[in-house]
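Hello,

Here is the structure you asked for. My notes follow below it.

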Amino acid sequence: MRTSVAIIGAGPAGLILSRLLTRAGIDNVVLERRSRAYVESRIRAGVLEPGTVRLLDELGAATRLHREGLPHEGFTVAFDGRQQRFDLQALTNDRVTVYGQTELTRDLIELAVAKGEALVFEADDVALHGIDSDAPYVTYRKDGEAKRIDCDFIAGCDGSHGVSVNSIPSSLLQRYERIYPFGWLGVLADVPPCAHELIYCNHANGFALASMRSPTRSRYYIQCAATEKLEDWSDERFWDELEVRLGPDAAATVTRGPSIEKSVAPLRSLVIEPMQHGRLFLAGDAAHIVPPTGAKGLNLAVTDVIYLAEALNGFYRNRNDAALAGYSQRALARIWKAERFSWWFTGLTHRFPDADPFQRRLQLAELDYLCSSRAAATTLAENYIGLPL
Ligand code: FAD
Ligand code: DHB
């Protein structure tokens, strides 16, 4: 089989890239290691930047998002017994939308299937070949049968544990990494959220986040050790600790219920440069990871593929490599700003085990500054809603 672009991975990056290319008349095939059911049930991010929503609109993939997504015009940061609301609408004239990545993925898959697009689930042993030649190809197994796709380009959208980045000689890549000394313990429960907007809490016991997926489904996170064992966290222990960290006002409005998902995610920052080798282009989590505090991971994956689709479109329209050659540099300029914001917001809202009283005073001073300076609040808000392309 032959196609123009072989896309590895049916996460948000791969699915959106496929739609963008198809819209531009560039044929492509998406190869996904997992089953459709698995991909559609994975619980991940929940906050969409306005630019992400606009793109999904343009792609005709936002019908349900507009019906069920929750527009949020602000959020609260709680610290030292104080609660400060940041009014995104007033500070940036824009807002974010709470809509689960799970739902977004379902919408994109449904659209691709309805349009009869080439989307292969349960593609085993995907391997990339000839990426530094002008005749790359991908091999995989489907139902035990060996398959081969010849292509012009490969888009590595296969996340941080994928095959793409490992197909590039490590001597040609630079890795920039920070491991944080904690993780997030997350719980999803079919109970009404404790507040109608998100609350980020910096508490002496550690960070907590009150989020949601819908008016009847809550998503809560608490900072924990990266090595925390799930079996040590009964639902009851989780709710008890969450309520302590949220403080008495928010705790009073927490509705408890059985968890329908519970997981521990270690926090890290990672950027791999460059995001290209020969005919292979990396996008999304395959090239970078952010700690989740600023809700940037999914949104960054989306902007990467906007840039990549533009570059591929330039190649097929003008037969020139310039836009493709500039992809990595263009994407990285925006990625590093989101990396900086996610690192900064994590530092501001979490308790670091090795922080001394001096560092705690600095944290409090910065939080206080954010509350008292419109310029500082605007900096937070404009990063939160997403920097321009
Ligand atoms: P992914 O969504 O990871 O998609 C990659 C796809 O490639 C997957 O479907 C995978 O199965 C497939 N794949 C992998 N290897 C292969 C292979 N060899 N062959 C074929 N296919 C392959 N962000 C937030 O903002 N907030 C959150 O709360 C949040 N929670 C998260 C929780 C977890 C457990 C993880 C892992 C991430 C979370 N993120 C969160 C980050 C966010 O979900 C990601 O940034 C986003 O999914 C990136 O999209 P992507 O398409 O680049 O990668
Ligand atoms: C969610 C995750 C985040 O990292 C965040 O900043 C806001 C919301 C969530 O999963 O709901």
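**Helix α1 and its partners**

Helix α1 (residues 12–23) packs with helix α6 (residues 101–114) at about 35 degrees, their axes 10 Å apart. This is a predicted model: local features need pLDDT of at least 70, side-chain atom pairs count only at pLDDT 80 or more, and totals for chains, interfaces and linings use all residues. Residues are numbered from 1 along each chain as its sequence is written, while chains are lettered from A and ligands numbered from 1 in the order in which they are written.

Some terms. Helices (H or I, at least four residues) and strands (E, at least two) are DSSP runs, numbered from the N terminus. Axes are lines fitted to C-alpha atoms, for helices over the stretch in contact, and angles run from 0 to 180 degrees between N-to-C directions.

The α1/α6 crossing is left-handed (near helix turned anticlockwise from the far one by less than a right angle; right-handed if clockwise). On the α1 side, the contact (C-beta atoms, placed from the backbone, within 7 Å) uses Pro12, Leu15, Ile16, Ser18 and Arg19. From α6 come Gln101, Leu104, Thr105, Leu108, Ile109 and Ala112. The tally is seven nonpolar, three polar and one charged. Here Ala, Val, Leu, Ile, Met, Phe, Trp, Tyr, Cys and Pro count as nonpolar, Asp, Glu, Lys and Arg as charged, and the others, Gly among them, as polar.

Helix α9 (residues 297–318) also meets α1. The two axes come within 9 Å and cross at roughly 30 degrees, so α1 is roughly parallel to α9 (angles under 35 degrees; over 145 is roughly antiparallel, 65 to 115 roughly perpendicular, the rest oblique). This crossing is right-handed. Pro12 and Ile16 are among the α1 residues here, and Leu298 and Asp304 among those of α9. The α1/α9 contact has 13 nonpolar, no polar and one charged residues.

**The sheet**

Eight strands form an open sheet with mixed pairing, in the order β6-β5-β14-β15-β16-β13-β17-β20. Strands pair if DSSP finds at least two bridges between them. β6 (82–87) and β20 (288–289) are the edges; each has a single partner strand, so one side of each lacks a neighbour in the sheet. β5 (residues 74–79) pairs with β6 in the antiparallel sense over six bridges. Phe75 stands opposite Phe86 in β6.

**Ligand 2**

Around ligand 2 (C-beta atom, placed from the backbone, within 6 Å) are Ala45, Gly46, Val47, Leu198, Ser211, Arg219, Pro292, Thr293, Gly294 and Ala295. By class, that shell has five nonpolar, four polar and one charged residues.

Best wishes

Methods
Two residues are in contact if their C-beta atoms, placed from the backbone, lie within 7 Å.
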